[in-house]
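Q: I have not looked at this one before. Can you walk me through it?

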Amino acid sequence: MEGVHPIKWKSQFAGMTVSHLSQLRQLQDENAKLKRMYADLALMHHALKDVVDRKL
């Protein structure tokens, strides 16, 4: 949370319990992992498509 102003952070997360914040963090981590997986698969797909196109 670098660069986030404390007032904005407080207004965004005020009222959340520790368990909610923990769950939010876990979901954010999982989302980042899924985005990396998608990027890797998309890159592999494009590379394989290039190989197939060259053979035809």
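Predicted model: local features only at pLDDT ≥ 70, side-chain atom pairs only at ≥ 80, totals over all residues.

Q: Where does Leu 48 sit?

A: Leu 48 is in helix 2.

Q: OK, and how many helices and strands does the protein have?

A: There are 2 helices and 0 strands. The radius of gyration is 20 Å, well over the 10 Å that the globule rule gives for 56 residues, so the protein is more spread out than a compact globule.

Q: What does the C-alpha trace span along its principal axes?

A: The spans are about 60 × 25 × 10 Å.

Q: And how much of the protein counts as buried?

A: Of its 56 residues, 2% count as buried. The accessible surface comes to about 5600 Å², and carbon and sulfur atoms account for 61% of that surface.

Q: Switching to charges. How many positive and negative side chains are there?

A: The protein has 9 positive and 6 negative side chains. The centres of the two sets lie 4 Å apart.

Q: How many salt bridges turn up in a search of the whole structure?

A: The search finds 1. Asp 29 pairs with Arg 25 in a salt bridge, and their closest N and O atoms are 3.5 Å apart.

Q: How far apart are Asp 29 and Arg 25 along helix 2?

A: They are 4 residues apart in helix 2, so about one helical turn separates Asp 29 and Arg 25.

Q: Is Arg 25 buried or exposed?

A: Arg 25 is exposed, because its relative accessible area is 51% and the cut-off for exposed is over 50%. Asp 29 has a relative accessible area of 40%, so Asp 29 is partly exposed.

Q: One more residue. Where is His 46 found?

A: His 46 is in helix 2, which covers residues 18-55. His 46 counts as partly exposed because its relative accessibility is 48%.

Q: How far is His 46 from Gln 23, in sequence and in space?

A: In sequence, His 46 and Gln 23 are 23 residues apart. In space, the C-alpha to C-alpha distance between His 46 and Gln 23 is 35 Å.

Conventions:
Residues numbered from 1 in each chain as written. Heavy atoms only, no water. Buried < 20%, exposed > 50% of the residue type's maximum accessible area, 1.4 Å probe, protein only. Salt bridge = Lys/Arg side-chain N within 4 Å of Asp/Glu carboxyl O. Rg over C-alpha atoms; globule rule 2.2 N^0.38 Å. Areas by Shrake-Rupley, 256 points an atom, 1.4 Å probe, with all protein chains shown as cover. Lys, Arg positive; Asp, Glu negative; His and termini not counted. Charge placed at Lys NZ, Arg CZ, Asp CG, Glu CD.
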